[in-house]
Amino acid sequence: MLNKDIIVDVPTVNKIARLSRLDIPEVNKESLTNDLNNILGFVAQLDEVDTSNVEPLASVTGHKLPLRSDDVNDGNIEDLVLKNAPESSSGFFVVPKVIE
Amino acid sequence: MSELLDLNLVEASKALKNKEISSLELTKAYLKSISDTSSLGAYLEIVEDKAISMAKVSDKKLIDGKARPLEGIPLGIKDMFCTKDIKTTASSKILENFIPTYESTVTQNLWNDGAVILGKLSCDEFAMGSSNETAAKGNVINPWLKNKKMSPGGSSGGSAAAVAARSALAATGTDTGGSIRQPAAFCGITGLKPTYGRCSRWGIVAFSSSLDQAGPLTRTVSDAALMLNSMAGYDQKDSTSANLKMPDLMDYLDKGIKGKKIGIPKEYTQDGISEDIVKFYEKSIDWLKDEGAEIIPVSLPHTKYALPAYYIIAPAEASSNLARYDGVRYGARQEASSLDEMYELTRGNGFGDEVKRRIMIGTYVLSSGYYDAYYLKAQKVRRLIKEDFENVYKKVDYILTPSTPTTSFELGKKQDPLTMYLNDIFTVPASLAGLPGISLPVGLDNSGLPIGIQLIANSFDEPGLISTASVLEKCAGFNFIADGAAK
């Protein structure tokens, strides 16, 4: 069950963390890398399955995504939208400065 | 007090309608039992005032003869359901102060039918886990063998523990790969995951959108039928909601199973499954046979690949769904000088280890160069798993399996994420295929822990599932109460 193959190394983990926008403390990186290798090693079993003529399945509903008419059906709830924001001002979400 | 707690949902509903009891006294009995069993840690939030006021409204309706289907029934709600003006955290630090300004469709359906909210129940963080140990505020304790501190299962661990401890008459749960059925099995109660699309996902904190499904955790099969009657229904606000009317499930109880074909998949009796579970699985097969069912050995050849496919698909969808927690629109924020650093610190600090692992796995399998090898491959295997079930349902009406490979385990004992994932080996295949499944308690193992058996039906055959489960429930005659339950 515990596949010891190295699939990801620490630099790759750094890259994935960056893509995921996750700050990972340096001390946790080795054990995280180890966990990810175990999990990726486990899921690699799928290579045994012949899927050459199989279409991928994204949804089990069997129905087409329904469309609605493009009408406004709510609105005027600015205060509700902003209610849980960590910081807001004059009806806007506030974030750290993006452009110098 | 004890007599009130002894009533299951269907019995309490009858007693309320016959005016033998009031919702206020029933609700107060449950509020007391929440405080009596607080050491289990099942509740994250208790809304006493709201419960009392809803109970009073219900009592008025009952007196006026205008009782709705769940009038006056006190429920616990898994913290994955957004509840208007009531804190909803998904057991995560990143949502520790989140107060939704809207109500999830499923909970709204319950309140529209007269149910009373007691509070919000703990779960694994963002429903990612099988032991309730990933919850930001700590694990829940299983009321069975309470002093040994066993896991209630997960992710709906608080829901299952509360129903087993009699601190909620019933509870809602969500199930992505087994999160209703596995904790129900560990806590000796009934847990039903409906067909994907049966219950609206609107207002439920999203984990893996192609798999997430809400369902009830209850004491009995008929309680589950009554709960699902109210929870289910088409909802325009969920594009995957099925526009299909579900018949009244209460009409399908105790119909008998003479001539029904029950499939026994050979892949579900593998190494590592506990002997006591095998014994009760065989007993369950015999019971159904004695009731006139035809037992048919079947094969679901891709079963072995369900768990690896799941641990690509679910983290991939989770990494995408959880991108919304950016410290901008809601949730806790860590201050930083740049926007990117703010994102990284907010998310690094707000998510727990298991959630981070899954986001990382999901991001990796979706990243350029790996998408085809992992994600697309898993989606192809998912189709093969679904086709396995479709082939078997040409020959049988229902499939019977154990719910879990083992009974509950001691908290803190399983440190390795992969060992934890194996808990869901029997529940994940039906999730990938979108099929309805129910776990019900059939006996105790030699240490006194409950054993769950799972029935899986074809898509949208909840009526048949309820019908068959009610027969098995009667045969098993499970009437044990957890030692840690409220008296």
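Helix axes are lines fitted to C-alpha atoms over the stretch in contact, and angles between N-to-C directions run from 0 to 180 degrees. Helices (H or I, at least four residues) and strands (E, at least two) are DSSP runs, numbered from the N terminus. The model is predicted, with pLDDT of at least 70 needed for local features and 80 or more for side-chain atom pairs, while totals for chains, interfaces and linings use all residues. Residues are numbered from 1 along each chain as its sequence is written, and chains are lettered from A and ligands numbered from 1 in the order in which they are written.

In chain B, the axes of helix 3 (residues 23-36) and helix 4 (residues 48-63) come within 8 Å and cross at roughly 155 degrees. This makes helix 3 of chain B roughly antiparallel to helix 4 of chain B, since angles under 35 degrees count as roughly parallel, over 145 as roughly antiparallel, 65 to 115 as roughly perpendicular and the rest as oblique. Residues are in contact if their C-beta atoms, placed from the backbone, lie within 7 Å. Helix 3 of chain B brings Ser23(B), Leu24(B), Thr27(B) and Leu31(B) to this contact, where they meet residues of helix 4 of chain B including Glu48(B), Ala51(B) and Leu62(B). The contact has six nonpolar, three polar and three charged residues; Ala, Val, Leu, Ile, Met, Phe, Trp, Tyr, Cys and Pro count as nonpolar, Asp, Glu, Lys and Arg as charged, and the others, Gly among them, as polar.

Another pair in chain B is helix 10 (residues 306-321) and helix 12 (residues 353-366), whose axes come within 7 Å and cross at roughly 100 degrees. Helix 10 of chain B is therefore roughly perpendicular to helix 12 of chain B. Among the residues in contact are Ile312(B) and Pro315(B) of helix 10 and Arg358(B) and Ile359(B) of helix 12.

Chain B also holds an open sheet of eleven strands, in the order 1-3-2-4-6-5-10-11-9-7-8, with mixed pairing. Strands pair if DSSP finds at least two bridges between them. Strand 1 (43-46) and strand 8 (294-298) of chain B are at the edges with a single partner strand each, so one side of each has no neighbour in the sheet. Strand 5 (residues 190-193) and strand 10 (residues 437-444) of chain B are antiparallel partners over three bridges, and Gly191(B) has Ser439(B) as its bridge partner in strand 10.

Between the chains, 39 residues of chain A are in contact with 53 residues of chain B. Helix 2 of chain A gives the most to the side of chain A that touches chain B, with six residues.

Definitions and conventions: Two residues are in contact if their C-beta atoms, placed from the backbone, lie within 7 Å.
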